[in-house]
Amino acid sequence: MSGSVERFDAVVVGGGAVGAATALGLARAGHRVLLLDRRPKPVFSEEAPVTRVATLNAASMQLLTDLGVADRVLARCGYPFHRMEVWDANSSAELHFDADDLGLAALGWTVEHLALEASLWEELEAAGGAVLPETGWRALDWWPDRIDLHLEGGRVLGARLLIAADGAESALRARAGIAVRRNPYHMTGVVTTVATRFPHQDTAWQRFNGEEILAFLPLADGRCSIVWSLAEFEAERVLSLDDAAFAESLRDAFGGRLGDILTVSPRADWPLVGRQARDYFSGRLALVGDAAHTIHPLAGQGLNLGLADVRALLDAVPSGTGADPADATALRAYTRSRRLDNELMLRSMEGLRWLFGSSQPPVAWARGFGVGQVDRHRALKRFFALRAMGGSPAPVG
Ligand SMILES: Cc1cc2nc3c(=O)[nH]c(=O)nc-3n(C[C@H](O)[C@H](O)[C@H](O)COP(=O)(O)OP(=O)(O)OC[C@H]3O[C@@H](n4cnc5c(N)ncnc54)[C@H](O)[C@@H]3O)c2cc1C
């Protein structure tokens with residue numbers, strides 16, 4: 001039986017941005033790596049419509065630079081933005097961030113998911129990593145020195161380290177018996193790309209209106225990617241509108257800051273759920289990205305936290321001949337370094353939702369006053385901006 005097992009130092013299940021970055025990092029460190037995903041191989045084309053966009057912080061860009069893919073990702077419709085406007089529809093609270101004032105190269109970068117995933121897959125193959133698109137697994141066998149992954153179609157892969165990067169509903173996490181805490185927000189994230197009457201002004205915009213949060217993220221082609229977090233019933237309503245009526249609702253929800261909405265791409269939607277796995281590893285299996293945690297998209301941090309997991313895992317996993325990539329001390333160190341950080345971010349997002357979501361007069365007053373204080377103090381603003389950038393102000397790009 002074991003003669004038919006193809007052996008790898010690491011097998012990564014899930015070729016989203018987090019899994020592909022993990023596989024590339026491990027391959028660069030000299031490990032024999034295989035990446036598999038049930039989806040087809042990601043292929044980037046400038047002609048394809050923009051669907052999913054993420055805002056990356058400086059720490060994530062630094063990781064992409066270290067992995068040798070940052071230039072390719074940025075050349076594929078990536079966009080560095082330098083200003084951010086955040087305001088509250090129900091108080092005087094407003095925050096303005098400017099990269100020049102804060103001494104930063106950029107406040108963030110908008111990148112297309114497909115560009116990111118395709119660049120990582122291409123670079124992984126160039127680095128000698130194996131890839132298996134359109135492939136799922138059906139069973140696992142746990143051995144002291146490896147985990148065997150039985151694939152649909154009969155192949156068996158033996159992994160000294162098995163990485164679960166298979167997203168929020170991770171089947172590997174469930175199979176390993178790792179419990180997960182769920183906090184459904186009863187909100188839906190509606191995502192689309194729009195052209196607006198007035199230019200985006202190199203600015204990421206975010207408007208809070210109670211529980212409803214609307215972000216316009218600037219793209220290289222002058223359009224904006226929007227993320228609109230709405231109560232479930234309200235999301236159902238706006239998703240059922242035709243494009244013209246949707247554009248009108250969106251303009252009103254945004255307070256008309258960029259004028260009329262001229263075009264709307266096909267819309268997508270996600271249920272918003274906060275999740276935190278009780279542990280980030282079990283034996284030879286480790287969780288990364290959405291398989292380990294998910295948060296509300298209000299600060300655009302989900303992928304950034306996933307890429308921070310990748311950095312921590314790559315730092316922890318031993319490399320070199322004879323080293324065991326699933327060394328328990330290393331995986332414990334990885335869990336320790338990431339779980340608390342992710343928990344703090346989850347709790348901060350819940351605090352922000354409460355602060356901006358409450359219409360009680362004392363909270364609304366405190367919101368206007370407190371946010372005004374932050375906006376007037378350069379050092380405080382720099383502190384918050386650096387925190388959102390993953391603690392790394394490194395000038396990139
Ligand atoms: C509305 C919305 C907006 C967001 N905006 C931002 C933002 O601006 N900035 C940001 O940082 N984050 C943002 N996020 C979060 C971000 O998109 C995710 O955190 C990130 O994409 C997670 O990446 P991942 O690689 O861990 O998971 P995924 O991207 O979900 O990848 C999982 C992969 O695993 C594969 N897979 C699953 N099961 C199997 C299986 N059994 N076998 C084989 N393959 C499998 C899937 O096909 C998929 O390719 C947003 C999220 C939402 C919902």
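Is Tyr280 buried or exposed, and what is its relative accessible area? In this predicted model, in which local features require pLDDT of at least 70, side-chain atom pairs count only at pLDDT 80 or more, and totals for chains, interfaces and linings use all residues, Tyr280 is buried, with a relative accessible area of 0%. Residues are numbered from 1 along each chain as its sequence is written, and side-chain values use heavy atoms, with hydrogens and water left out. Buried denotes under 20% relative accessible area, exposed over 50%, and partly exposed the range in between (1.4 Å probe, protein chains only).

The ligand is surrounded by 29 residues, of which Asp37, Arg39, Asp290, Gly300 and Leu303 are the closest; a residue is counted if one of its heavy atoms lies within 4 Å of the molecule. Polar contacts were taken as pairs of N or O atoms within 3.5 Å; within protein, one atom must be able to donate a hydrogen and the other to accept it, and residues adjacent in sequence count only if both atoms are side-chain atoms. A polar side-chain atom of Asp290 lies 2.7 Å from an oxygen atom of the ligand. A polar backbone atom of Leu303 is 2.7 Å from an oxygen atom of the ligand, and a polar backbone atom of Gly302 is 3.4 Å from a ligand nitrogen atom. Taken alone, the ligand exposes 1000 Å², and the protein buries 88% of that area (Shrake-Rupley method, 1.4 Å probe).

Two or more residues of the shell around the ligand come from each of α1 (17–28), β3 (53–56) and α9 (302–316). Helices (H or I, at least four residues) and strands (E, at least two) are DSSP runs numbered from the N terminus. With three residues, α9 gives the most to this shell. The shell residues divide into 12 nonpolar, 11 polar and six charged, where Ala, Val, Leu, Ile, Met, Phe, Trp, Tyr, Cys and Pro count as nonpolar, Asp, Glu, Lys and Arg as charged, and the others, Gly among them, as polar.

Rings of Phe, Tyr and Trp (its six-membered ring) were paired if their centres lie within 6.5 Å, with planes under 30 degrees apart counted as stacked, over 60 as edge-to-face and the rest as tilted. The count by this rule comes to six aromatic pairs. The ring centres of Trp205 and Phe254 are 6.4 Å apart and the planes stand at 80 degrees, so this pair is edge-to-face. The pair links distant parts of the chain, 49 residues apart: Trp205 belongs to strand β13 (residues 203–209), and Phe254 to the loop between α8 (243–253) and β16 (261–264). Both Trp205 and Phe254 are buried. Tyr280 and Tyr334 form a tilted pair, at 6.2 Å centre to centre and 45 degrees between the planes. Here too distant parts of the chain are linked, 54 residues apart, with Tyr280 in the loop between β17 (268–277) and β18 (281–282) and Tyr334 in helix α10 (residues 328–357). Tyr334 is buried, with a relative accessible area of 0%.

One aromatic cluster is formed by Trp87, Trp205, Phe216 and Phe254. Arg257 lies over the face of Trp87, at 3.7 Å from the ring centre; a charge is placed over a ring if NZ of Lys or CZ of Arg is within 6 Å of the ring centre and within 35 degrees of the ring normal.
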